[in-house]
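User: Could you walk me through reading a protein model, feature by feature? I would like the general idea each time, and then the case at hand.

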Amino acid sequence: MPSLLPPFLALLCFGAPAPALRAVGPTPPASPRRAEARTEAAAAAAAEEEPWCPYKVLAEGSAGGRLCFRTPARGFQCSARACRAHRSPGGALVANVLRNGSVLLQWGPPRPAAGLRGFALNCSWDGTYTRFPCDSVELGAACRDYLLPEAHGSVRYRLCLQPRVAPPRPAPPAHCVEFRVEPAAMRDIVVAMTAVGGTICVMLVFICLLVAYITENLMSPAAAAPRRA
């Protein structure tokens, strides 16, 4: 009977056959569209969570301005009685002209939002013969609105919002909106005329009732005393 010792010793020396190894290559990168979608979603979430909007007002001819912060006006909706909305071509920028003469600008996140550094708001208004620039504003990437506190009446404004992105990405196109603010004097005249008109209507009603009473009671022939022969 043959001995089983030599095969057993060979098995101990050489061991069991190693499993076949699979070639492991580098993980394929995500598609650019998915990466941009994730970046835009993260930027939108960060903008929603940001409690402040940093901005700088740059006066004409000045190199820098003071850094300020404002609370975003989330959830604002323009009602027909309180303001009038003007939209840019495409509707990306909205100018809400309020009755007190101020203008609230609203906009959404740009597409794509990757590399967004902030926004530049340029302002100009029409004069009699030429167009004059007004103060420009630099806003942070989390800003989605800006309040223009005072706008001159009977002047046509043009506001352009330009997203600022990190190079070498090309900057998205600017969105511009034009509007005209109703003069403050005209608003006061309308309010005064409404109040005076209501008072005049009440006075006219009272005068008509008084005339009817006089005609009915004092000028009637039956009310006159009979003459004696």
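This is a predicted model: local features need pLDDT of at least 70, side-chain atom pairs count only at pLDDT 80 or more; totals for chains, interfaces and linings use all residues.

User: How many helices and strands does the protein chain have?

Analyst: Helices (H or I, at least four residues) and strands (E, at least two) are DSSP runs, numbered from the N terminus. Here there are three helices and 11 strands, in the sequence pattern α-α-β-β-β-β-β-β-β-β-β-β-β-α.

User: What share of the 229 residues counts as buried?

Analyst: Buried means under 20% relative accessible area, exposed over 50%, and partly exposed in between (1.4 Å probe, protein chains only). By that rule, 24% of the 229 residues in the protein chain are buried.

User: In what order do the four strands of the open sheet run?

Analyst: In general, strands of a sheet pair through backbone hydrogen bonds, either parallel or antiparallel. Two strands count as paired if DSSP finds at least two bridges between them. The open sheet has the order β3-β4-β5-β9, with antiparallel pairing. Its edges are β3 (83-87) and β9 (145-148), each of which pairs on one side only. Between β3 and β4 (residues 93-98) there are five bridges, and Arg84 has Val97 in β4 as its bridge partner.

User: How does strand β10 pair with strand β6?

Analyst: β6 (residues 116-126) and β10 (residues 156-165) are antiparallel, joined over nine bridges; Gly118 stands opposite Arg164 in β10. β10 also pairs with β11 (residues 175-180), again in the antiparallel sense, over six bridges.

User: Is Asn96 buried or exposed?

Analyst: In a regular strand the side chains alternate between the two faces of the sheet. Asn96 sits in strand β4 and is buried, at a relative accessible area of 2%. Contact means heavy atoms within 4.5 Å. Not counting residues up to four places away in sequence, Asn96 touches several residues, among them Phe76, Cys78, Cys83 and Leu104.

User: How many disulfides are there?

Analyst: A disulfide is a covalent bond between the sulfur atoms of two cysteines. Here the rule is a pair of cysteine sulfur atoms within 2.5 Å, and the count comes to four. With the bonded cysteines numbered in sequence order, the pairing reads 1-6, 2-3, 4-5, 7-8. Two contacts of Asn96, Cys78 and Cys83, form one of these links, with sulfur atoms 1.7 Å apart. Cys78 is partly exposed at 30% relative accessibility, whereas Cys83 is buried at 9%.

User: Which parts does the pair of Cys123 and Cys134 tie together?

Analyst: Their sulfur atoms are 1.8 Å apart, and the link is left-handed, with -105 degrees about the S-S bond. Cys123 lies in strand β6 and Cys134 in the loop between β7 (131-133) and β8 (136-140), so the pair ties together parts 11 residues apart in sequence. Cys123 is buried at 10%, while Cys134 is partly exposed at 22%.

User: Why is the disulfide of Cys160 and Cys176 right-handed?

Analyst: It is right-handed because the torsion about its S-S bond is about 110 degrees. The pair links Cys160 in strand β10 with Cys176 in strand β11, 16 residues apart. The sulfur atoms are 2.0 Å apart, and both Cys160 and Cys176 are buried.

Definitions and conventions: Residues are numbered from 1 along each chain as its sequence is written. Side-chain values use heavy atoms; hydrogens and water are left out.
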